[in-house]
Amino acid sequence: MLSRLFAPKVKVSAHCDLPCGVYDPAQARIEAESVKAVQEKMAGNDDPHFQTRATIIKEQRAELAKHHVSVLWSDYFKAPHFEKYPELHRLVNDTLKALSAAKASTDPATGQKALDYIAQIDKIFWETKKA
């Protein structure tokens, strides 16, 4: 009798681990924008202490951006997304590689390349949210 009382009345399912609205590529974009901004500031300042601090911040922000992209890939995107967007695996990999390159570089072009890849992920992400 107790098992019937506490048995679920409604079966639910979701395409993500948590209710929609939790995931957003904006988090990765904001961190990648910070990477590029730091790279630009580094070009205009020769102070070794500034360079050290800027390098630490740039590397931390690049790691955060990589984390947010990885979470989208592993937790948000599901098999139907990968079927509809077969380029998604390659795109995520390219994005992570670009963020690694930006992490290791002071050239703002590497930060921009990562931002360009994130924009492509963002486009696909919002298309999946409409579905």
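Analyst: In this predicted model, the contact between helix H3 and helix H5 brings Lys58, Glu59, Ala62, Glu63, Ala65, Lys66, Val69, Ser70 and Trp73 of H3 against His89, Val92, Thr95, Leu96, Leu99, Ser100, Ala102 and Lys103 of H5. Sorted by class, the residues of this contact comprise eight nonpolar, four polar and five charged. The two helices, of which H3 spans residues 48-76, pack at an angle of about 170 degrees with their axes 9 Å apart, and because angles over 145 degrees count as roughly antiparallel, H3 is described as roughly antiparallel to H5.

H5 (residues 88-103) also packs with H6 (residues 108-130), where the axes come within 8 Å and cross at roughly 155 degrees; this pair is therefore roughly antiparallel as well, and its crossing is left-handed. On the H5 side the contact includes Leu88, Leu91, Val92, Thr95 and Leu99, while Tyr117, Ile118, Ile121 and Ile124 are among the residues that H6 contributes. The contact of H5 with H6 has twelve nonpolar, four polar and two charged residues.

Beyond its neighbours within four places in sequence, Leu88 is in contact with Phe77, His81, Phe82 and Ile124.

Definitions and conventions
Residues numbered from 1 in each chain as written. Predicted model: local features only at pLDDT ≥ 70, side-chain atom pairs only at ≥ 80, totals over all residues. Heavy atoms only, no water. Axes fitted to C-alpha atoms, helices over the stretch in contact; angles between N-to-C directions. Helix = DSSP H or I, 4+ residues; strand = E, 2+ residues; numbered from the N terminus. Parallel < 35°, antiparallel > 145°, perpendicular 65-115°, else oblique. Left-handed = near helix turned anticlockwise from the far one by under 90°. Contact = heavy atoms within 4.5 Å. Nonpolar A, V, L, I, M, F, W, Y, C, P; charged D, E, K, R; others polar.
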